[in-house]
Amino acid sequence: RNAKPRDAFIARRGLLRILLSRYLERDARDLRFTYNAFDKPILASSSKSYRLHFTVSHADDIAVIAVSHSDVGIDIERVDSDYPCLTIAEEFFAQHEVSALRALPFSELAPTFFRYWTAKEAVAKAIGNGLSIPLENIQLAFFGERAAGYANVLFPTCDVWHFHQLE
C-alpha cells in the first residue's frame, strides 16, 4: 500500500481537529466524528458542536477546509486540459450547461468545466448527500465574471444555494 495517501488523510484530519477544537474551545483529542448515511463526516453530538458544520476537499497536495454555523460545502480540483470535459459534462450536467461548454473556445473549456464541477460538488457536499445527488439536478447560474452565482437544486431539496469561487 502507498503510505502517501494515508499520511495525507491523517494530516488533513489532524488539521481539521485543530481547527474545530479552536472553534469549540475543546481539546482536539476529545473531538469525535460520526458519519451520515452518505458517509459525510460530522461531529458527534455535544452541547457546543451540534451547530458547527465543516467540509474538507483536497487535490494533489492542496487541501481546503470550510467551517460554518450552517450547512457548508467546498471543493477543489486541479484543472486538467486533457480531461474529457465534454464527455463527462454530457453524462452529468444539465443540457443548458453542456450547451454553454460546447460554445466555448477550447482554451476556456477545461477551466470552465472545473468551475462548474467544483460548484456542483460543493453544493452536493453542503446538502450532505454528496455525489448521490445527480449533478444535472444542481443547475448553476453565474454572476459577472463567474466568481459567484447560485445553484438551483431540483432534487432532493428544491433549494437555492449561493456560492463563491476562489482561484
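In the predicted model, Arg29 counts as exposed because its relative accessibility is 63%, above the 50% that exposure requires. This residue is placed in the loop that links α1 (3–24) to β1 (33–35). Arg29 and Asp75 stand 46 residues apart along the chain, and their C-alpha atoms are separated by 26 Å.

Asp39, in the loop between β1 and β2 (41–43), has a phi near 65°, a positive value in a residue other than glycine. With a relative accessibility of 60%, Asp39 also counts as exposed. Asp60 is located in the loop between β3 (53–59) and β4 (62–68). Its phi is near 55°, again a positive value in a residue other than glycine. The relative accessibility of Asp60 is 58%, and this residue therefore counts as exposed.

The helical part of the model is considered next. Two packed helices are described by the angle between their axes and the distance between the axes. Helix α2 (residues 85–92) and helix α4 (residues 106–127) pack at an angle of about 30°, and their axes lie 10 Å apart. Since angles under 35 degrees count as roughly parallel, α2 and α4 are roughly parallel to each other. The crossing of the two helices, α2 and α4, is left-handed.

The contact between these helices is formed on the α2 side by Cys85, Leu86, Ile88, Ala89 and Phe92, which meet Leu109, Ala110, Phe113, Phe114 and Trp117 in α4. By residue class, the contact of α2 with α4 comprises 10 nonpolar residues, with no polar and no charged ones.

Helix α4 was also examined along its own length. At 1.5 Å a residue, its 22 residues should span 32 Å. This expectation takes 1.5 Å times one less than the number of residues. Helix α4 is mostly covered, as 17 of its 22 residues are buried, that is, under 20% relative accessible area. Just after α4, Gly128 takes a positive phi of about 105°.

Definitions and conventions: Residues numbered from 1 in each chain as written. Predicted model: local features only at pLDDT ≥ 70, side-chain atom pairs only at ≥ 80, totals over all residues. Heavy atoms only, no water. Axes fitted to C-alpha atoms, helices over the stretch in contact; angles between N-to-C directions. Helix = DSSP H or I, 4+ residues; strand = E, 2+ residues; numbered from the N terminus. Parallel < 35°, antiparallel > 145°, perpendicular 65-115°, else oblique. Left-handed = near helix turned anticlockwise from the far one by under 90°. Contact = heavy atoms within 4.5 Å. Nonpolar A, V, L, I, M, F, W, Y, C, P; charged D, E, K, R; others polar. Buried < 20%, exposed > 50% of the residue type's maximum accessible area, 1.4 Å probe, protein only.
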